[in-house]
Amino acid sequence: MTHAELMSGERGGSGRAVARGRSVTTLMSASRVDPAVSGRAPASPRATDLMHRADAELLAAQFSNEAWEQFSHAHLAALRAGAAVVASRGAPGGRRPPRTVWSMLRRCAPELDRWSDFFEAGAPARSAIEAGRFDAVSSERAEQTLCTAEDFVDAVRSLVLDVAPTGLGARAS
């Protein structure tokens with residue numbers, strides 16, 4: 001997504017945040033699919049809570065004016081979403097269990113490896129920002145991280161919350 005595409009969809013006419021053509025109201029009220037129809041159990045309360053926290057981080061990222069702040073919120077949104085997958089599928093064990101969410105995610109949800117790699121590579125930048133190095137990321141990298149986090153949270157939402165895909169990754173027609 002280009003900078004112009006991102007900026008053109010950042011705020012709706014009513015003042016609500018808009019994420020890639022979807023209002024936050026639409027995002028937060030995504031309809032649940034009947035578990036009897038989908039064949040999956042409903043999401044755990046912990047996974048649901050983590051997804052709500054991921055949505056809040058995405059919203060904060062969309063309203064951030066500084067690249068470091070946008071990057072941090074977007075990265076934390078992805079981290080919360082990844083933790084929701086781990087919470088719903090169970091943390092992998094073994095003799096030497098993985099220590100990071102991204103490592104755990106690779107074991108319990110290999111279909112999300114592409115995103116695990118992307119966000120794991122961004123962890124040092126987020127640590128640098130937390131240490132006060134606010135120049136650790138460019139505005140372009142912050143925008144790329146936000147767009148990727150939106151897509152990742154949307155993918156996780158369909159895995160964890162068993163919702164019809166209507167979230168951030170879809171474009172309004």
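Helices, here, are DSSP runs of at least four residues in state H or I, and strands are runs of at least two in state E, both numbered from the N terminus. By that rule the protein chain of this predicted model has 8 helices and 2 strands. Read from the N terminus, the order of the elements is α-β-β-α-α-α-α-α-α-α.

Some totals describe the chain as a whole. It has 173 residues, and 45% of them are buried. The accessible surface is about 8,800 Å², with 53% of it belonging to carbon and sulfur atoms. Of the contacts between residues at least 6 apart in sequence, 66% join residues at least 24 apart.

Helix α4 covers residues 45-63, which is 19 residues. From its first C-alpha to its last it reaches 27 Å, close to the 27 Å expected at 1.5 Å a residue. Which residues of α4 are buried? They are Ala47, Leu50, Met51, Ala54, Asp55, Glu57, Leu58, Ala61 and Gln62. Seen down the axis of α4, these buried residues fall within an arc of 160°, so they line one face of the helix. The general rule is that an α-helix has 3.6 residues a turn, so residues three or four places apart point the same way.

The next helix, α5, spans residues 67-89 and contains Ser72. Is Ser72 buried or exposed? Buried means under 20% relative accessible area, and Ser72 counts as buried because its relative accessibility is 12%. Apart from neighbours within four places in sequence, Ser72 is in contact with Arg126 and Ile129.

Technical notes
Residues numbered from 1 in each chain as written. Predicted model: local features only at pLDDT ≥ 70, side-chain atom pairs only at ≥ 80, totals over all residues. Heavy atoms only, no water. Buried < 20%, exposed > 50% of the residue type's maximum accessible area, 1.4 Å probe, protein only. Contact = heavy atoms within 4.5 Å. Areas by Shrake-Rupley, 256 points an atom, 1.4 Å probe, with all protein chains shown as cover. Expected span 1.5 Å × (residues − 1). Arc of directions from axis to C-beta.
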